[in-house]
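Me: I'd like to learn how to read a protein fold. Could you walk me through one, step by step?

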Amino acid sequence: MLYSIIVPCYNSALTIRKVVELTSLELNKLNKHQYEFILVDDHSPDGGKTLCELKALANEYSYVKVVSLAQNSGQHNAVMAGLNIASGDVLVAMDDDLQTHPSQLPKLFEEFDNGFDIVYGYYPEKKQSPFRNFGSYINYLSVRILIGKPKDMKTSSFWIIRKFVRDYIIQYKSPYTHLQGLFLRTTRNISCVPVEHFEREHGKSNYTLKKLMQLWSNIMGYSIVPLRLAKYCGIFLSFGGLLGALYIFIRKLLVPATAVGWSSVMVAILFFSGIIMLFMGVIGEYIGRMFLGMNHEPQYVIREVYSQQSKAAVIEEDKHNHNVNKEGLL
């Protein structure tokens, strides 16, 4: 059985070697000797340092394959690139910063061997800022409401899946990838186990507030709940407006001297205009994503796939071309 380890890499020149070597040691301890690493460079803005380190690993280890993306596509899309390249029967995703530590793999595999299709490692205590913890909680609630995530299902970027799950989710071609949504579409035979969340060894999180918001908004592609919310909110506000109009009419009949307030009218106009614009924006977001999907905006663009095999193929091709040119000269 072949195990594929997929690691999206972004500014990870200082940590990725340790990730690969520690994971290899851990897999060997578990008697899982057939494995490959798919290291996806998500166009790291470090002057090529990450890509150079990845290629050095590929030159040193035959089981390492490097995928270089032509532009930054985001963590979930980078993982999708790795899933498309991987050929394993079991696939594992990890981070490049050693916070999803290889030493925790036995816990995931022990649960996976109980017959689950997907096993997540989750963190009872996270080594991150209070702001990130709050954002994680908001994301947890959103996913529960929007795509029906089970209450007891806890997730992270550290998981194991079976090949049939991979085969199904790579059929999804939209650029707005959210892996939890794809997993829940595929199977509900999912478990999670607590793992230790390690301190980041180098640097800081590459997720800015903007990137976190973009990732969170990708959930919309797997749910029509926001549209239903817009409908119900519209019904509620219309009913409230009808009651308000009825109240004003009755009050005017009972107390004819009642003055009509210009300020209250303006506040009502501004409030309801804002609500209308908000939900027009929600609908516009859906339509915009449909438009981009119809125009086949890519999830990712692969610039190069590099491994010892590909390097050997290039050398053979160069030799062949050299021989052909030599014969032509003769």
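Reply: Happy to! Keep in mind that this is a predicted model.

Me: How do strands come together in a sheet?

Reply: Strands pair through backbone hydrogen bonds, either parallel or antiparallel. Here, strand β1 (residues 3–9) and strand β4 (residues 90–93) run parallel, joined over four bridges. Within this pair, Tyr-3 sits opposite Val-90 of β4.

Me: In what order do the strands of the open sheet lie?

Reply: Reading across, the eight strands go β7-β5-β6-β4-β1-β2-β3-β8, and the pairing is mixed. The edges are β7 (190–194) and β8 (302–306), each with pairing on one side only. From one strand to the next, the twist averages 20°.

Me: Which strands does helix α1 touch?

Reply: Helix α1 (residues 16–29) packs on the sheet and touches β1, β2 (35–41) and β3 (64–69). The direction of α1 makes about 160° with that of β2. Helix α4 (residues 105–112) packs on the sheet too, and the direction of α4 makes about 35° with that of β6.

Me: Which residues have the most contacts inside the largest nonpolar core?

Reply: They are Ile-16, Leu-39, Val-64 and Phe-109, in a core of 33 residues. Elements supplying at least two residues each include α1, β3 and α4. Apart from this core lies another of 30 residues, among them Leu-83 and Met-153.

Me: Is helix α7 mostly covered or mostly uncovered?

Reply: Mostly covered: in α7 (residues 179–186), seven of the eight residues are buried. Phe-183 is one of those buried residues.

Definitions and conventions: Residues numbered from 1 in each chain as written. Predicted model: local features only at pLDDT ≥ 70, side-chain atom pairs only at ≥ 80, totals over all residues. Heavy atoms only, no water. Buried < 20%, exposed > 50% of the residue type's maximum accessible area, 1.4 Å probe, protein only. Pairing = 2+ DSSP bridges. Axes fitted to C-alpha atoms, helices over the stretch in contact; angles between N-to-C directions. Contact = heavy atoms within 4.5 Å. Core = buried A, V, L, I, M, F, W, Y, C linked by side-chain atoms within 4.5 Å.
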